Amino acid sequence: MKTIDLHCDTASRLLYENLSLKDSICKVDIRKLKKGGALAQTFAHFIELNIVEDPYIEFKKMYNNFINEINKNKDDISIVTNIDELEKANLNGKVGAFLSIEEGEVLQGKVERVKEMYDLGIRFITLTWNFKNSIGYPNYKYEYKDKGLTSRGKEIVIEMEKYGIIPDCSHLSDGGFYDLIDICKKPFIATHSNARAVTEHSRNLTDDMIVKLANKGGVMGLNFCAPFLGDKDIPGLDEMIAHVKHIKNIGGIEVLALGTDFDGIENEVEVENIGDMGKLSHKLLKEGFSQNEIDKIFFGNVKRVIKECLK
């Protein structure tokens with residue numbers, strides 16, 4: 001089994017809990033990634049605005065700690081920024097590590113900081129988390145549902161696309177999503193969002209959003225967070241399959257991907273960690289999905305977007 005997961009919060013746990021990337025209590029580590037046949041893992045630098053003094057400084061602290069962990073394990077994992085680097089890493093038996101930011105306020109509204117993030121290897125930015133910022137508004141409890149990107153936010157998105165950093169609409173308001181549809185010339189992504197028609201939650205995408213994201217060539221990563229999947233404390237494979245089937249029926253197989261949110265979500269899941277993804281693959285086969293379809297969900301669709309968007 002091969003996988004590319006679009007979102008985990010492991011980098012923050014490594015910093016705040018003084019853990020090792022090699023092998024730890026985390027749901028994502030090198031041992032588990034190897035066990036699960038991971039081609040790549042996207043590691044988010046999650047910054048919680050209400051508890052940090054300066055999001056940019058906090059990001060740099062987390063980033064430097066993560067790079068140090070990568071350097072300790074360079075025989076097993078390497079930072080990758082495009083499709084060529086990913087394929088080279090995989091040929092050398094390494095897991096590729098894509099870097100993302102989960103909280104656009106790390107940029108602090110500075111358009112020129114986009115290039116700095118690019119130079120640091122960041123290739124995905126989740127534009128908002130649960131707080132409004134200089135880029136736009138979150139969809140937290142629908143409080144800002146119809147508010148779009150700010151004028152500075154639109155400038156930043158255009159700059160991101162210019163350099164080859166993919167905007168991530170997970171957590172973004174509905175209004176902000178539709179601004180991305182209008183602004184972006186290339187695919188954008190929802191790294192960790194499910195279907196709102198299956199589970200009514202502001203963090204999930206409506207059917208119209210799924211169709212428009214698919215038409216844009218983007219992907220959405222299946223999120224393992226319990227409230228986004230259903231009403232069970234420990235979500236099972238059946239809840240995941242319900243979302244996958246609905247998203248496929250609405251937007252087609254090409255829009256589906258994985259975005260576990262491991263090490264960010266508080267709930268346990270039937271798929272216990274990133275090394276356990278074979279459970280989902282086997283369940284999809286039993287539910288009538290072809291191996292080709294499963295490969296697209298697990299890694300193929302993301303590779304297509306990476307190839308198109310990342311430089």
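1. Core. The largest nonpolar core has 102 residues, and Phe224 and Leu280 have the most contacts inside it. Such a core is a set of buried Ala, Val, Leu, Ile, Met, Phe, Trp, Tyr and Cys residues joined through side-chain atoms within 4.5 Å. Helix 12 (residues 291–309) gives the most to this core, with 8 residues. Helices here are DSSP runs (H or I, at least four residues), numbered from the N terminus.

2. Basis. This is a predicted model: local features need pLDDT of at least 70, side-chain atom pairs count only at pLDDT 80 or more, and totals for chains, interfaces and linings use all residues. Residues are numbered from 1 along each chain as its sequence is written, and side-chain values use heavy atoms, with hydrogens and water left out.

3. Leu280. Beyond four places in sequence, Leu280 touches Leu222, Phe224, Leu237, Met240, Ile241, Leu258, Val271 and Phe298. Contact means heavy atoms within 4.5 Å.

4. Tyr56. This residue lies in helix 3 (residues 55–72). Tyr56 is buried, with a relative accessible area of 17%; buried means under 20% (1.4 Å probe, protein chains only). Its contacts beyond four places in sequence are Val106, Gln108, Arg113, Glu116 and Met117. Tyr56 and Glu105 are 49 residues apart in sequence, yet 7.7 Å apart in space, C-alpha to C-alpha.

5. Pocket. Lining the largest pocket are 28 residues, with Trp129, Asn130, His171, Asp261 and Gly264 nearest its centre. On a 1 Å grid over the protein atoms alone, a pocket is an open set of points where a 1.4 Å probe fits, with protein on both sides within 12 Å along at least five of seven lines; lining residues have an atom within 4 Å of a point. Helix 1 gives the most to this lining, with 3 residues.

Note on methods. Helix = DSSP H or I, 4+ residues; strand = E, 2+ residues; numbered from the N terminus. Buried < 20%, exposed > 50% of the residue type's maximum accessible area, 1.4 Å probe, protein only.
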